[in-house]
Amino acid sequence: MFKLNRFKLDIEYPPQIIAEIGVNHDGKVKKALKMVDKANELGIKFVKFQNFKSENIVSKNLSKAPYQSKNTFNQDTQFSMLKKLELSENEFIIIKKYCDSKKMIFLSTPYDYSDLEFLIKINTKLIKISSSHSIEFDFVKCALDTNKSVILSTGMFNETEINKLSSVLKKHPNKKTCIMQCTSNYPADFIESNLNILSEYKRIFNSTLGFSDHTKNNISSIMSVAMGVRLIEKHFTLNTFDQGPDHSSSLDPNQMKEFISDINNAFLCLGSKVKKPSKEEKINLNYMRRSIFSSRFIPKGKKLTKQDICFKRPGNGISPNDLKLILGKEVKSNLNADLLLSLRNFK
C-alpha cells in the first residue's frame, strides 16, 4: 500500500487528487499561495509544483514546443518563457511551509539533480518525476534511493522503455512508488488516454497506479478509477484564459469542483466485491420476485400437481425454487384460485 501520512492510496480507499499547479502561478509566489488556498477550499490535499533553473534544463536558443507556442502569444524562446515562470528556492520554502500549515502535501517535480537535492533538503515527503525525466534512469535511481515517496509518470514511453523502468525499480526497491499513466500532450484528446495499459502496469510493477490526466473532460479519469487508479493528477489554474503554457489545458476552481465530485462518485460506483442486495433492493425484493400461487380451485385432499400452481409476485411466499417441498403433497382444505400458498396449506 502506498501510504503518505494519513492518506492511504489503495484499491479499498477513495482516490486522491493532485492539483498540478505547475507553473500556473506565472512566476509569482503570491499567486502560488492563492492557488494553494483555492485547492484547500476544494478539499484537495496534494498540490504539485515544478522546481527548476532554466539555464540547467534548456538550451537558450531552443524554440517553444508547439503547444507552448499555441498557448503563449509572444516570440519567447523556451528558455525565456521558463525564466519568467521560475520561483526561487526561498519562495519554494515559503510555499512548502504554507502547505504544511494547511496540513496539505507539498510535492514538486525536480528538473535536475540539484533540484532533487533541494527537495530532499527541505524534507519534501513526495517527489514527482515527470515523463520526460522518468526515462533518465540514473535520475530515477537517485529519486528512489532517497526512500521518499516517488511518483513516476510514463508519458511518451514505449514498451521497451517501460520494461527498462521496471528493471530499475526491481534493482532499487522502494515500496512507496506510484506509476502514472500519462499522455504528454497539452491538452490531450481523451481517445489518447490508453487506459488499458494500466492492467499491464499492475502486472509489471509492484506499485500503486496513478493517472496524470491532461484531457479537457472528466471521462478518462472516471474510467481510470474503475481500473484501480487511486492517485489522479490534474492541471489546476485560477483562470483558463490566462496566458501561459498550461492554463488552457487546466481546470479552473469550478471545473475542478465538478471533477472531484465525478471522481468521488466513480469510486462510490465500485461498491464491494461481496455481492449482496443494496438497501433499496431489499425493499424492492418482495415486490419483484415471485412466489407459488394456486392457479385454480384445489379441493381438500387433492395432491398438488404442476397444473395447480403458478408463479406470481410478491416474493414473500414459497419460492419457485422450493416447489419440490409441496409438489405431490395433500392439501388440508379447499384452496381458492390465486391464493399465495404456504406450507401450512399441506399435510
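I looked up the neighbours of Tyr-111 first: leaving out residues up to four places away in sequence, Tyr-111 touches Gln-50, Asn-51, Phe-52, Ile-57, His-133 and Phe-139, where contact means heavy atoms within 4.5 Å. A note to myself: this is a predicted model, in which local features need pLDDT of at least 70, side-chain atom pairs count only at pLDDT 80 or more, and totals for chains, interfaces and linings use all residues. Residues are numbered from 1 along each chain as its sequence is written, and side-chain values use heavy atoms, with hydrogens and water left out.

I then placed Tyr-111 in the loop between β5 (105-110) and α6 (113-121); helices (H or I, at least four residues) and strands (E, at least two) are DSSP runs, numbered from the N terminus. Tyr-111 counts as partly exposed because its relative accessibility is 22%; buried is under 20% relative accessible area, exposed is over 50%, and partly exposed lies in between (1.4 Å probe, protein chains only).

Next I followed Phe-139 into α8 (residues 137-145), where Phe-139, Val-140, Ala-143 and Leu-144 are buried. They cover an arc of only 135° around the axis, so they sit on the same side of α8; the arc is that of the directions from the helix axis to the C-beta atoms. After α8 comes Asn-147, with a positive phi near 65°.

Last, I searched the whole structure for disulfides (pairs of cysteine sulfur atoms within 2.5 Å) and found zero. Cys-99 is in none, as the nearest cysteine sulfur, that of Cys-178, is 19 Å away. Cys-182 has its closest cysteine sulfur in Cys-178 too, at 12 Å, which is too far for a bond. I also noted that Cys-182 is buried, at 6% relative accessibility.
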